[in-house]
Amino acid sequence: MTVGHEWDDVADGWDDAPGTREYAQGAFDSLIRRMADHDLTIDGMSVLDFGCGTGLLTELLVDRVASIDAVDPSPAMRRVLTGKIRQHRWGSVRVLADLPAGSAYDLIVCSSVLSFVDDHPATVALLSTHLAPGGLLVHWDLSLIHI
């Protein structure tokens, strides 16, 4: 993911910006609904939150999934999420700058991030190599969900 650190400037106020929490909640709710439509659940899954930002979606997933690797190129966004992890003692969440080599996930979530990458097809192809057999890649962009 080739995204600059322009997000660093908004990290500290991101969680309080108008609509950010509502958007994350809407993404989470749509994920749960779509999974249920296919008789699936996120419970116990290993998750990659790709382009996690300050972790608003991670916050909603953490109590239901087995583990989350939260990846974001912005040091300031990662710092905000790391503070939440310490505060809430979320031992199942790792914050990373890059995709960990050799990792495989049951679920990869990308909440409004793929439109910011330089090469969308290459990024999706790369992410697909990190899916466990039968794993799902889910992307939201504004009001759309793609599974």
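Reply: Start with burial: buried means under 20% relative accessible area, exposed over 50%, and partly exposed in between, with a 1.4 Å probe and protein chains only. The model is predicted, so local features need pLDDT of at least 70 and side-chain atom pairs count only at pLDDT 80 or more, while totals for chains, interfaces and linings use all residues. Residues are numbered from 1 along each chain as its sequence is written, and side-chain values use heavy atoms, with hydrogens and water left out.

Me: Why is Cys52 called buried?

Reply: Its relative accessible area is 8%. The limit is under 20%, so Cys52 counts as buried. Cys110 is buried too, at 0%.

Me: Why is strand 1 described as largely enclosed?

Reply: Strands (E, at least two residues) and helices (H or I, at least four) are DSSP runs, numbered from the N terminus. Strand 1 covers residues 46–50, and five of its five residues are buried, so the rest of the structure largely encloses it. Ser46, Leu48 and Phe50 point one way, Val47 and Asp49 the other. In a regular strand the side chains alternate between the two faces of the sheet.

Me: What makes strand 1 and strand 2 a pair?

Reply: Two strands pair if DSSP finds at least two bridges between them. Strand 1 and strand 2 have five, in the parallel sense. Asp49 has Ala70 of strand 2 as its bridge partner. Strand 1 also runs parallel to strand 4, with three bridges. There, Leu48 stands opposite Ile108.

Me: What makes a set of residues a nonpolar core?

Reply: Its members are buried Ala, Val, Leu, Ile, Met, Phe, Trp, Tyr and Cys residues, joined through side-chain atoms within 4.5 Å. The largest such core here has 23 residues, and among those touching the most other members are Leu31, Ile42 and Val47. Helix 2 (20–37) is one of the elements that supply at least two residues. Helix 2 gives the largest share, four residues. A second, separate core has 11 residues, including Leu48 and Tyr105.

Me: Which residues count as contacts of Leu96, beyond its neighbours within four places in sequence?

Reply: Contact means heavy atoms within 4.5 Å. On that test, Leu96 is in contact with Asp69, Ala70, Val71, Asp72 and Arg78.
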